[in-house]
Amino acid sequence: MNTLATYNIKGGVGKTAAAVNLAYLAARDGRQTLLWDLDPQGAASYLLRVRPRVKGGGKALVRGRRSLDRAAKGTEFDGLDLVPADFTYRNLDLVLDDAKKPTRRIARLLDPMADHYDVIVLDCPPGISLVSENVVHAAGVLLVPLIPTTLSVRTLEQLSEFAAGLDRPPALFPFFTMVDGRKRLHREVIEDLRARRDDLAATVIPALSLVEQMSVHRAPLPAFAPRSRVTRSYEDLWGEVRDRTAAKPQRSKAPRSRTGRTSTAR
Ligand SMILES: Nc1ncnc2c1ncn2[C@@H]1O[C@H](COP(=O)(O)OP(=O)(O)OP(=O)(O)O)[C@@H](O)[C@H]1O
Ligand SMILES: [Mg+2]
């Protein structure tokens, strides 16, 4: 099982857009995929048309009273399930703080998911919190969307230092997003970082209003704009992630049958 997480201290940088598109592409590639929307705002749940509600809330999940498996809902897309957001996740830090090994609780909750899923994608809320620390511990690969500014490159450096201090640091996979190739500053920031880091994705996600349309269509980009340039970019990005994680391509897990859509809001 490969655990990927989109993470950045900064808000509004394309974490959720990446999480939803990459999870969709992983599933389309034949991997049983589970996306956990950890953000109480519930953007990923909204985009995948799943009601943002978990019975018993975040507390039931963290305390193990409700398994992630039971909380997972089917989506409209084959092979893609979602553990929805819940408004109680706003207090997840407090609940985690009460747990044993509070920084590793989410990793422990994910362990049994290896029986059913090839790929787990965690969509993390912005900021530095116990939730994000858990996510950094749980992730094998930390996908870090960067907008091409000097400041976001600096926050990447802080994150790299933090991750390097962990027992089992995740592989960092920074990628630029919301890029306007006509802007010289964007080109310069990208070239500068490329010269300094060899883990930077070759793929760059362009700034295109089509990405905002995800919330109108409530679907991943490849599902409603298969031929768009930005869809191709996410496909290339998924190709890079796949190569780095060397996940196996076959549908090796028994597909779940989550056809009951009672919880799906349309
Ligand atoms: N490549 C892009 N081009 C244009 N708009 C984009 C792009 N990527 C994301 N957006 C838009 O920017 C906004 C923020 O994106 P998104 O929700 O993915 O960011 P986020 O980092 O998850 O935000 P938050 O920190 O609030 O969770 C959304 O309206 C989204 O549609
Ligand atoms: Mg988000």
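User: Which residues does A44 touch, not counting residues up to four places away in sequence?

Analyst: In this predicted model, A44 touches T16, V20, L35, D37 and D123. These pairs count as contacts because heavy atoms of the two residues come within 4.5 Å. A44 itself lies in helix α2, which covers residues 43-47.

User: Why is A44 called buried?

Analyst: The term buried requires a relative accessible area under 20%. A44 has 0% relative accessibility, so the residue counts as buried.

User: What separation is found between the C-alpha atoms of A44 and D111?

Analyst: The two C-alpha atoms are separated by 22 Å, and the residues stand 67 places apart along the chain.

User: How do you know what span to expect of α1, and what span does it reach?

Analyst: The expected span is 1.5 Å times one less than the number of residues. For the 14 residues of α1 (15-28) this gives 20 Å, and the helix reaches 20 Å from its first C-alpha to its last, close to expectation. Just after α1, G30 takes a positive phi of about 95 degrees.

User: Why is K101 called exposed?

Analyst: A residue is exposed when its relative accessible area is over 50%. K101 is at 62%, so it counts as exposed. K101 is found in the loop between α5 (92-98) and α6 (105-110). Its phi is near 45 degrees, a positive value in a residue other than glycine.

User: Is H186 buried or exposed, and what value decides the matter?

Analyst: H186 has a relative accessible area of 11% and is therefore buried, the limit being under 20%. H186 belongs to helix α9 (residues 184-196). Leaving aside neighbours within four places in sequence, H186 is in contact with P148, M178, V179 and D180.

User: Why is G64 not called buried or exposed?

Analyst: G64 has 47% relative accessibility, so it counts as partly exposed. The loop that holds G64 runs between α3 (57-62) and α4 (68-71). G64 and R105 are 41 residues apart in sequence and 9.9 Å apart in space, C-alpha to C-alpha.

User: How do you know whether the radius of gyration of the protein chain agrees or disagrees with that of a compact globule?

Analyst: For 266 residues, a compact globule would have a radius of gyration near 18 Å; the protein chain has 17 Å, so the two agree. Along the principal axes, the C-alpha atoms fill a box of roughly 50 × 40 × 30 Å. Buried residues make up 56% of the 266 residues.

User: What share of the contacts joins residues at least 24 apart?

Analyst: Among contacts between residues at least 6 apart in sequence, 80% join residues at least 24 apart. The secondary structure of the chain comes to 13 helices and eight strands.

Notes: Residues are numbered from 1 along each chain as its sequence is written. Chains are lettered from A and ligands numbered from 1 in the order in which they are written. This is a predicted model: local features need pLDDT of at least 70, side-chain atom pairs count only at pLDDT 80 or more; totals for chains, interfaces and linings use all residues. Side-chain values use heavy atoms; hydrogens and water are left out. Helices (H or I, at least four residues) and strands (E, at least two) are DSSP runs, numbered from the N terminus. The radius of gyration is taken over C-alpha atoms; the globule rule is 2.2 Å times the number of residues to the power 0.38. Buried means under 20% relative accessible area, exposed over 50%, partly exposed in between (1.4 Å probe, protein chains only).
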